[in-house]
Each structure stands twice: as structure tokens, then as C-alpha cells.
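These notebook entries record what I looked up in one structure. The sequence and the model come before the entries.

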Amino acid sequence: MFNKILIANRGEIACRVIRTARRLDIKTVAVYSQADENALHVKKADEAVFIGPSASSKSYLVIDNIIAAALKTGAEAIHPGYGFLSENADFAQACADNNLVFIGPPISAIESMGSKSAAKNIMQHAGVPLVPGYHGDEQSLSVLKQAADEMGYPVLLKAVAGGGGKGMRQVWSAEDFESELSIAKSEALSSFANDDMLVEKYLTAPRHVEFQVFCDVHGNALHIFERDCTIQRRHQKVIEEAPAPNFSQELREQMGQAAIRAAQAIDYQGAGTVEFLLDEDGSFYFMEMNTRLQVEHPVTEMISGQDLVEWQLKVANREPLPLKQSDLKINGHAFEARIYAEDPNNDFLPTSGRLIDLEEPALNNSVRVDTGVLEGDEVSPFYDPMISKLIVWGENRPAALAKLKHALNDYKISGITTNISFLKRLAAHQSFAKAELDTGFIEHHQQSLFSKNECNYAHLLPIMALFLMLDRKRNCTASVWSQGNAWRLNQSNTQILNVTVNGNEHQISLRDLSSQYRINLAGKSYDLSAELHDNKLEAVIDGHKQSFTILNSNEGYCLFSDDQEIEFALSRPDFGDSNSNTSLSNFKAPMNGTIVELLVSKGDTVKQDQALIIIEAMKMQHTIKAPSDGEISELFYALGDLVDGGTELLSFEEL
Ligand code: ADP
């Protein structure tokens, strides 16, 4: 086995690989950019090498810097993780040129699967079923449109070089074809420098089912069952599970064999994933093969009892696969929920900032958290906004789902907006419990999944007031003069607190009756007793005992009750200094990101709704539009600039 490996990645996957390497007594070398100087993966590795500025194009994607780091530290092999250089054939070649083992497939296999259309041609020859569609070289509008017309609408346009859902557009009618094609092409060109397209029949209610395959250099090949990744937003996975629910053994065998045929067709070695669409009638179609470890590999580990990184290391070390197909058995059920720094109520736009407080669920054999961050860390705008992955196991699907809900309730993050509340609503959804799944699940259930029941917080106001009072009390010394509890000689203590929630101010009167408290709020009174230990408040309200977690957040505090997460603060007195001019908020960057298109110049006159600037963060683009006809009086940034969320981008004069 190797003595030392370098991990050409960051975040949770770098930490994940380090964990297995350490168990196998393999030394690890991390690489890090400026933004990651104090990151968890750097702390966990035995050694770490600085590879450049924060932008990944200047660090994690610079092949020469990574190879130099491996040579300098005497690493014998490189694990690429996922994303970054993991599917880059030039990187695999550079490893080979420098006598470093690339922990991944042969270069030829990466190349074969790098183009969606070339991959489809290979699979067609290998007898793997394909989604009906056009994947030829001829790219004229008339040829593409004719293919679409012939297969019938709706169709899906996909960038041949695509990934991450970019350059992908649905077309619902012949009239829309040309305009959708031009949008897909321009997205593909800016993301992949290649605007070739393939046209596929768009399946309206499929499931995404993928197979984990493994092959070694001795010609052995097997699959480690399937994962269902149907719950997606913008064609990207949110919750994954294994095994796939409502899935017969017969179908498993058929699809598993097709997946192995796909891998063997390209002389595969190592870990790979063959992705299929499973249609309502049980037909399945090859979509693509990912030639690396997947984000969602832990659900496979949970049900198979295998460590896939260990398998990767063994295969890279030219050892045979550790087991045969017949040795592998499915045990129970597993879910993975991806915890993202993003705002589901704002079109899932990435968020960033400091993780002020972070509480993870208790970890054990059936609850696992793969993370790359610690409390206090910064989630920077430079990288993918995934914070961590929560993986749970149960004896069957309902047991695993109950565990998922419980663990999500115990996962608490303050300081930055995350998708945890959204995941809780997904996990609690009736149709999800019944496994009524198709890739449009989130869209179909928008109302129930996005309903802002957070707004319903009236019953939590007494808890907030009590917390503020107890928190103030514990921060004061024992002297009656500084007790902070409105102590009055010969009187019970009554305080008036102004608490702000969602921009609304609530006046709450709170009376300290020594063993309990009486709260008056909007004409109602409540009797409570409570104890505050660290960030846990145990309160008995009119005989009902409940416990709450309250963490510090940016502007005050964040209260977590069973199904809600709500920010509140003690109101700041109005000093008359607030800036009431909010009319320009339209020109603020909605998130940290890069200016990818500057569509106007200083002095231009523009029409209402005209696109002015396009900002991109991670995989999403946001267009800043003119709120009315007007003139651009100033542009504060240039094309390619990185801007912080909330930054004013331009000044605009209404005409
Ligand atoms: P990417 O590589 O950009 O992530 P994929 O080809 O893997 O794109 O597809 C991502 C998702 O898009 C799939 O999981 C599925 O939900 C949806 N999708 C892809 N092809 C089709 C299709 N032909 N019909 C319906 N949905 C599709």
C-alpha cells in the first residue's frame, strides 16, 4: 500500500479521504488556497502545502502547483476527490508523467466519458439503453431542430461538455426551440468553452437511479447496488437514498448488469457511477458515467458496510477488488441530506458568512456527518456552498427516515442561512414518506415545501423574552445594583422588553416572581418557569415542559424549536440614524459572486427590465435588471470582479 498520498481537494471530501487513509496508516498531504489557510482539511492532514490564491482557478485547478506539492512532499499517489480536477484527463496524464499514481480510472476512460455525446455513442455500441435523442457531430440549427421535431416535444437540450446542470434547457414546443437553444449554447460556451449540444427526449416524471460500480486492473467488475437521487433542485441532488425504494430485485439485476457493461465498454478501473433515468413504465436509460467518487457515496457505504475510499486505494495499488458480487448484501436503508449554505426561499442562491454557532447531531453507527468545517469557520464565496452531509441508517426505509428527521432537528447552524429547515420539510413530507418520487418532486410540492410557516412564531415570543432576561441575568454579577433584572426594593421585578422578529417589534412585559415568571404579551398572560444552561433553555409553560436551543447569530439570536428556526433580537433603541433610502436595493449584489456579464456602460440609457449585470456564484446566475427606464450614471465594478453580497454595483438615474 502507499505510504503517503496527496488529496487534491478541500472541504468534506478531503477530510473524508484523510479519515480512511489514517485508518490504513497512510500519511496524508493536504493542499490549500489562501481562503483555506485554517480549514479543517488542513488541520486534519499530516502535512499541508499552500497552492495559491483563493479562486479555485488559481489554486485547486492549477495542475502544476498540485503536482509540485506532491513531488515536494514525496507523496506517491493523488486522490482527486470529486469536482475540481477529478475528471480532468490532463491532470491524470500529468500524474502519470511524474510517476504519481492517479487514484482514479485510466486516462482513456476519463476521455471517453468526458463528452456526453461521445459517451452515448460508446454505450449504444455496448448495448446499454439510451434516452431517445440526437448525439451527433452535426450542430446546425436545422439538424438539431429536425431531431427535436421528429422525437416530439418536450425535449431537453444538454451541453455535450456539460455538468452541474449548466447548459441544460427544456423545450416544450417547436416555436421555442431556437430561443432556448441560443440560451443553452451561450451558457455552455461561458461554462465549458464548448457550445455543442445534444437533444434528448424529455421524460416528464422519471427517477434518477445510479449504480456504484467498481473494476480492478485484473479484469474484475461488480456493482455495489444503486442509489436513488431523484430529489433534486435545478437538476442537482438534495437528498439521496440507498437502496432505491419500490425497486425490484429483477430490475436491480438488469440495471446493475447494464452498469457493469457500461464500465467494461471503456476498460474502466476504480470507482465509477453509471447514472440512469428510470421512467414510470420501468424502462431505464443511460444518462452518463461519472468517473470518480460521488458526493453521495456514503449511502452505499452504510448499506454495504464497505469503505469505498479503501476500495479506491486498493484498486489504485493494483490489488484485486476486496469482494465478489455474491459477497455483497444490502443491509437496511440509508439517506443522505446535503447541508448547503443557501437560501431556499431566495431561489436557492448560495449564502456565505461565518458559522457563528454549529451543533451537529450525536454521531454513532447510524448517524454520520461528513463535514469540512468547524464552528467559527467562514463559508467563503469561492467554493461550492455545500457545508456538510448528514447520513443516517435504519433497518428499513421508515426507520431510516425517522432517524433523518431526528438528526436534522438536532443539526443547528447560526450565522448563515442554510437549507436545513427546507430539508426538514422535505423529510417530513407525506409523499416522500410514501416514496412517491420523481425528479419534479420539489416543484410539484412547492406550496408545502416553501410555505413560510416560520412566520408563525407568536407562541415562541414568551420563550424569546425569557431567554433574553435570563441571558442578561447570567451576564451580570451578584450585586443587586448590577443584576440586570430590574430589581426594586420591596417590589417584584417587572421589565419591558422590545423583541424584534422578522422586522416586527413586540413589546413584552416580564415579571420575575422569584420561582417563576409572568409574561404579558398582546393582552395575554403566561406563567413560566425556566432554566438556562449554556444554549439550552428548558421552560415549563402553563404546565407544558419543552426545551429549546438558542444560538448566537449575526444580529442577535437564533431560536431552534422542533420544526422552526427563527432569528430574534432585543430591539435597538431608535437613534434616528437609520438610512431610509432603500430604493436602490435593486442594484445590490444579491450574493457574493463574480460579475460574468456587464451588459451596459456608463452613460447608457436603458429600458425598464433591461438586463444590466449578470452575477454568478457557484452554479447560479442572477440578473440585475433596470427597475424603470433610466440612465446608468456610474458602474462601480468591472467584468470578472468578485463582489460581496449587498455591495452597490451601479448608480442609476430614473428618466
Ligand atoms: P449534469 O451532468 O449537468 O448534472 P445530467 O445529465 O447528469 O446533468 O442530468 C442531471 C439531471 O437532469 C438528472 O438527474 C435528471 O433529473 C435531469 N435529466 C437529465 N436528462 C433528462 C431527460 N432526458 N429527461 C428528464 N430529465 C432529465
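Is I67 buried or exposed? I found that I67 counts as buried because its relative accessibility is 6%; buried means under 20% relative accessible area, exposed over 50% and partly exposed in between, with a 1.4 Å probe and protein chains only.

I note the basis of these entries: the model is predicted, local features need pLDDT of at least 70, side-chain atom pairs count only at pLDDT 80 or more, and totals for chains, interfaces and linings use all residues. Residues are numbered from 1 along each chain as its sequence is written, and side-chain values use heavy atoms, with hydrogens and water left out.

**Entry: surroundings of I67**

I located I67 in helix α3, residues 63–73. Helices (H or I, at least four residues) and strands (E, at least two) are DSSP runs, numbered from the N terminus. Leaving aside residues up to four places away in sequence, I listed I78, F91, A94, C95, N98 and L100 as touching I67; contact means heavy atoms within 4.5 Å. For I78, I read a C-alpha to C-alpha distance of 8.8 Å from I67, at a separation of 11 residues in sequence.

**Entry: cysteines**

How many disulfides does a search of the whole structure find? I recorded zero, a disulfide being a pair of cysteine sulfur atoms within 2.5 Å. I checked C215: the closest cysteine sulfur, in C229, is 19 Å from its own, which is too far for a bond. C215 also counts as buried, at 3% relative accessibility. I found C15 buried as well, with a relative accessible area of 6%.

**Entry: strand β20**

I looked at β20, residues 367–371, and found five of its five residues buried. V367, V369 and T371 point one way from the strand, while R368 and D370 point the other way. β20 pairs with β22 (residues 386–394) in the antiparallel sense over five bridges; pairing requires at least two DSSP bridges between two strands. In this pairing, I saw T371 opposite S388 of β22.

**Entry: the ligand**

Which residues come nearest to the ligand? Of the 21 around it, I noted K116, G165, E200, H208 and Q232, where near means a heavy atom within 4 Å. β7 (155–159), β9 (197–201), β13 (270–278) and β14 (284–290) each supply at least two residues of the shell.

I then read individual distances. A polar side-chain atom of H208 is 2.7 Å from a ligand oxygen atom, and a polar backbone atom of K201 is 2.9 Å from a ligand nitrogen atom. The protein buries 96% of the 560 Å² that the ligand exposes when taken alone, by the Shrake-Rupley method with a 1.4 Å probe.

Technical notes
Polar contact = N/O pair within 3.5 Å; in protein donor to acceptor, adjacent residues only side chain to side chain.
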